[in-house]
Amino acid sequence: RGTVTAFSPFDARADAEALRKAMKGMGTDEETILKILTSRNNSQRQEIASAFKTLFGRDLVDDLKSELTGKFETLMVSLMRPTYIFDAHALKHAIKGAGTNEKVLTEILASRTPAEIQNIKQVYQQEYEANLEDKITGETSGHFQRLLVVLLQANRDPDGRVDDALVEQDAQVLFRAGELKWGTDEEKFITILGTRSVSHLRRVFDKYMTISGFQIEETIDRETSGDLEKLLLAVVKCIRSVPAYFAETLYYSMKGAGTDDDTLIRVMVSRSEIDLLDIRQELRKNFAKSLHQMIQKDTSGDYRKALLLLCGGDDE
């Protein structure tokens, strides 16, 4: 359900030559660059980079960095990052230097599948010779840190037959740990939301509503705060629907004054081959807005052109 698929007929050499021509000499032909890079899928972009090096003895990403500037440069360089390195790179930048970007940790670890998280940990170790879990625990604390560690274990139960008795039990435990308790037993929320299967949890949320009269999100909102609250809510939203979670993420990255370009770029690039069509639908349904029009209104120049091509159409 991605908007970007394998381009056919594909010729890595011809693309590499066109890109070199677009960046050689005086001035840069941004149009050619954005058209090629947004219409090839990630594995094709890697082939182009390798053809570029073979033909010209130059690094395509270095050339893009020296020829382009600003958000457009960030977007093009992000598109060139191999898919499996993309998340590891984003996480590395979220925990390096002064201050941690909790938003990025939350978004990636709440939304990726257990298999994807295993992959991220492996790649992180290979690329940066460091253990991702150690890095994250070194930069975070408290219940927020504990839930991140649970998610990093990537041990969520696989989807299978749902046990009604266990659904009832988990819903009761969450009710007692939150609404019925003076203070909140965060550990119960962390264990249940971090380890149970997706289909089981969807049933637990329905049961919880029946028992308590509240959506689980309302309870989390009242009973927790700060980074833990944001992470618990992200986990719940992703259990309900990953595309709906990203539709909301994109909506708020552009809503109101100013644009959160880092988030906009990260989501558009990371979901363009996975479920951007579903995300567009959810945005239309839940916010009565089209992603295409939001991008149109909130961005400009070549950056806008490239994002609109990745978006792949308008849901009027």
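Analyst: The crossing of α7 and α16 is left-handed. On the α7 side the contact is made by T106, E107 and S111, and on the α16 side by V242, Y245, F246 and T249. Sorted by class, the residues of this contact of α7 with α16 comprise three nonpolar, three polar and one charged. The description rests on a predicted model.

Two packed helices are described by the angle between their axes and the distance between the axes. For α7 and helix α16 (residues 242–254), the angle is about 165° and the axes are 11 Å apart. The angle therefore makes α7 roughly antiparallel to α16, since angles over 145 degrees are counted in that class.

Helix α7 itself is mostly covered, with eight of its 10 residues buried. Those buried residues are V104, L105, T106, E107, I108, L109, A110 and S111.

Where does the side chain of S111 reach a backbone oxygen? The oxygen belongs to E107, and the separation is 2.7 Å. The side chain of S111 is also joined to the side chain of R112 by a polar contact of 2.7 Å. When residues up to four places away in sequence are not counted, S111 touches C238, V242, Y245 and F246.

R112 leads onward to another serine, S270. Leaving aside neighbours within four places in sequence, S270 is in contact with F86 and R112. S270 lies in helix α17 and has a relative accessibility of 13%, so S270 counts as buried. A polar atom of the S270 side chain lies 2.8 Å from the backbone oxygen of R266.

The setting of S270 is in keeping with that of its helix. In helix α17 (residues 261–271), 10 of the 11 residues are buried, so α17 is largely enclosed by the rest of the structure. The buried residues are D261, T263, L264, I265, R266, V267, M268, V269, S270 and R271. Both R266 and S270 are therefore on the buried list, under the limit of 20% relative accessible area.

The axes of helix α1 (residues 12–23) and helix α4 (residues 60–67) come within 11 Å and cross at roughly 30°. That angle makes α1 roughly parallel to α4, because angles under 35 degrees fall in that class. α1 passes α4 in a left-handed crossing. Here L19, R20 and M23 of α1 meet L60, D63, L64 and E67 of α4. The contact of α1 with α4 has four nonpolar, no polar and three charged residues.

Most residues other than glycine have a negative phi, and most peptide bonds are trans. The peptide bond from S8 to P9, however, is cis, with omega near -5°, and P9 is found in the segment before α1. E129 is not a glycine, yet has a positive phi of about 45°. E129 is found in the loop between α8 (114–128) and α9 (132–139), and with 70% relative accessibility E129 counts as exposed. A154, likewise not a glycine, has a positive phi of about 55°. A154 lies in the loop between α10 (142–152) and α11, but at 12% relative accessibility A154 counts as buried.

One further loop residue is E179, placed between α11 (164–177) and α12 (186–195). E179 is partly exposed, with a relative accessible area of 21%. Apart from neighbours within four places in sequence, E179 is in contact with Y208, F214, T219, R222 and E223. The C-alpha atoms of E179 and R240 are separated by 21 Å, the two residues being 61 residues apart along the chain.

Conventions: Residues are numbered from 1 along each chain as its sequence is written. This is a predicted model: local features need pLDDT of at least 70, side-chain atom pairs count only at pLDDT 80 or more; totals for chains, interfaces and linings use all residues. Side-chain values use heavy atoms; hydrogens and water are left out. Axes are lines fitted to C-alpha atoms, for helices over the stretch in contact, and angles run from 0 to 180 degrees between N-to-C directions. Helices (H or I, at least four residues) and strands (E, at least two) are DSSP runs, numbered from the N terminus. Angles under 35 degrees count as roughly parallel, over 145 as roughly antiparallel, 65 to 115 as roughly perpendicular and the rest as oblique. A crossing is left-handed if the near helix is turned anticlockwise from the far one by less than a right angle, and right-handed if clockwise. Contact means heavy atoms within 4.5 Å. Ala, Val, Leu, Ile, Met, Phe, Trp, Tyr, Cys and Pro count as nonpolar, Asp, Glu, Lys and Arg as charged, and the others, Gly among them, as polar. A polar contact is a pair of N or O atoms within 3.5 Å; within protein, one must be able to donate a hydrogen and the other to accept it, and residues adjacent in sequence count only if both atoms are side-chain atoms. Buried means under 20% relative accessible area, exposed over 50%, partly exposed in between (1.4 Å probe, protein chains only).
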